[in-house]
Amino acid sequence: MFNAISTRNTFPETFDAFKQTFPNKCEMERVYFCLTCQYGYSDTPSAEVVCPVTNCETTKKDFFIVFSLEDQIRETIIKYSQQIKDYEKHIVDFDICDINRGLLAQAVMSREDCKFITLSANEDSAAAYRSTTKKPLYPLFLVVNNLPPHLRFDKNNLIIGALWFNTGKPDMALFHKNFIQQCQRLRNGIQVESEFYKIIVLQNCLDSVGRCEVFCSKQFNGKYGCTICLHPGKVIQNQVRYPYQKSKLRDDQSTRKLMMQVHNSEKGESVFGIKGLSVLTGIPDFDIIKGLPPDYMHMVNLGLTKLLWELLIEGDSDNKSQPYYIGNFKQLIEHRFQAIRLPSSFPRRIRNIVEHAK
């Protein structure tokens, strides 16, 4: 469009030309797929190629982009080699709890006498533009756990594994295939200058909906929808809820067996909420249960805090008779709220109780 307006070839017209114009140390490639059934092509298909899936047979295609993890990891290690060494010594000297000192990391690293780099993955969809909801941006990011926290979570040090920008969410097997293949190669190790490192992925953080899709299980609002335990759920007011009860915890070994059982079954029925084989079972040394931690932000901060507030302040006559009800002290609560002085870095003020109720 810009070339047409300017009447000259000012901007690159193809993807390959774009990459040559803006060189990047990180290799990237397109993964083409069928727009109708999301069948993944092994190479770049021509426009006339018909989807080989039975009853699909369309020529409509699109692509998403995958990135080289090894290039980005190597660049990060070289850039922060001294900070990684200093932080490794620091957490031992001051007995600091961090993910690389946890059970998941130590269970793997204690088996081999070599240096390890561990990664944490994160993926979620978001509208790329305010006016764009039908084509969400779905990135797969990773962070290097060996970095000190202030560098680990710096946006400039994020490692990008894949980038989806298309209608709807991606098929999880298609989207993660290249990522898992890279993880399998990285597990064997890479040479970074004079040091040799083995790379492992310890966890993948997703919201409640995304976790069930990657885990290949029923959602949190269905029977056996918990990815941590075998609570069956209970139908309350036509909705599945999870009242407190002691339930058997899921574990990696038995869950993998259950996934294979469902995957190989011809019935196509879920068992204990499992609908098939999770794509993450292909990641070496990945714990399919402990490696998918509950999402604190959505499970605690979103909705639940508001519910607790309403129980404490508002509610019907039954609720007002409960010992935890403090709605009679609204004036005192309001006075104490308004007495709080926030730092200048906080852009939003504390709302009063009336505004909160709205």
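Trainee: What does the secondary structure of the chain come to?

Mentor: This is a predicted model. Helices and strands are both present in the chain. The count is 14 helices and 10 strands.

Trainee: What percentage of the residues of the chain count as buried?

Mentor: The chain has 358 residues. Buried means under 20% relative accessible area. By that cut-off, the buried share is 36%.

Trainee: Among contacts between residues at least 6 apart in sequence, what percentage join residues at least 24 apart?

Mentor: A contact needs heavy atoms within 4.5 Å. Take those in the chain between residues at least 6 apart. The share joining residues at least 24 apart is 56%.

Trainee: How many aromatic pairs does a search of the whole structure find?

Mentor: Ring centres must lie within 6.5 Å to pair. The search of the whole structure gives 9.

Trainee: Is the pair of Phe64 and Phe175 stacked, tilted or edge-to-face?

Mentor: The ring centres of Phe64 and Phe175 are 5.6 Å apart. Planes under 30 degrees apart count as stacked, and over 60 as edge-to-face. Here the planes stand at 45 degrees, so the pair is tilted.

Trainee: How many residues apart in sequence are the parts that Phe64 and Phe175 tie together?

Mentor: Phe64 lies in strand β2, residues 61–67. Phe175 lies in helix α7, residues 172–187. Phe64 is buried, and Phe175 is buried too. The parts tied together are apart in sequence by 111 residues.

Trainee: What is the geometry of the pair of Tyr138 and Phe175?

Mentor: The ring centres of Tyr138 and Phe175 are 5.3 Å apart. The pair links distant parts of the chain, with Tyr138 in strand β5 (residues 136–144) and Phe175 in helix α7, 37 residues apart. Both Tyr138 and Phe175 are buried. Their planes stand at 85 degrees, so the pair is edge-to-face.

Trainee: Which residues do ring pairs link into a cluster?

Mentor: Phe175 pairs with Phe64. Phe175 also pairs with Tyr138. The cluster linked by ring pairs is Phe33, Phe64, Tyr138, Trp164 and Phe175.

Trainee: Which residue lies over the face of Phe63?

Mentor: The charge test for Arg uses CZ within 6 Å of the ring centre. For Phe63, the distance from the ring centre is 4.0 Å. The residue over its face is Arg30.

Trainee: How many disulfides does the count come to?

Mentor: A disulfide is a covalent bond between the sulfur atoms of two cysteines. The cut-off is 2.5 Å between sulfur atoms. For Cys51, which is buried at 3% relative accessibility, the closest cysteine sulfur is in Cys37 at 3.6 Å, too far for a bond. The count comes to 0.

Trainee: Which cysteine holds the sulfur closest to that of Cys226?

Mentor: Cys226 is partly exposed, at 24% relative accessibility. Its sulfur is 3.8 Å from the closest cysteine sulfur, too far for a bond. That closest sulfur is in Cys229.

Trainee: How far apart are the end C-alpha atoms of helix α9?

Mentor: Helix α9 covers residues 252–264, which is 13 residues. At 1.5 Å a residue, its span should be 18 Å. The end C-alpha atoms agree, at 18 Å.

Trainee: Within what arc do the buried residues of α9 fall?

Mentor: The buried residues of α9 are Thr255, Leu258, Met259 and Val262. Seen down the axis, they line one face of the helix. The face turned away from that buried side carries exposed Gln253, Lys257 and Asn264.

Trainee: How many of the 8 residues of α8 are buried?

Mentor: α8 (208–215) is part of what covers the buried residues of α9. The buried residues of α8 are Ser208, Gly210, Arg211, Cys212, Val214 and Phe215. They pack against β3 (115–123), α7, β8 (195–205), α9 and α10 (296–301). α8 is mostly covered, and its buried count is 6.

Trainee: Which residue with a positive phi follows α8?

Mentor: Its phi is near 60 degrees. The residue is Cys216.

Trainee: Is Asp95 buried, partly exposed or exposed?

Mentor: Asp95 is in the loop between α4 (81–93) and α5 (103–109). Its phi is positive, near 50 degrees, and it is not a glycine. The relative accessible area of Asp95 is 57%, which makes it exposed.

Trainee: Where is Phe272 found?

Mentor: Phe272 has a positive phi of about 50 degrees, although it is not a glycine. It is partly exposed, with a relative accessible area of 41%. Phe272 is in the loop between α9 and α10.

Key:
Residues numbered from 1 in each chain as written. Predicted model: local features only at pLDDT ≥ 70, side-chain atom pairs only at ≥ 80, totals over all residues. Heavy atoms only, no water. Phe/Tyr/Trp six-rings, centres within 6.5 Å; stacked < 30°, edge-to-face > 60°. Helix = DSSP H or I, 4+ residues; strand = E, 2+ residues; numbered from the N terminus. Buried < 20%, exposed > 50% of the residue type's maximum accessible area, 1.4 Å probe, protein only. Lys NZ or Arg CZ within 6 Å of the ring centre and 35° of its normal. Expected span 1.5 Å × (residues − 1). Arc of directions from axis to C-beta.
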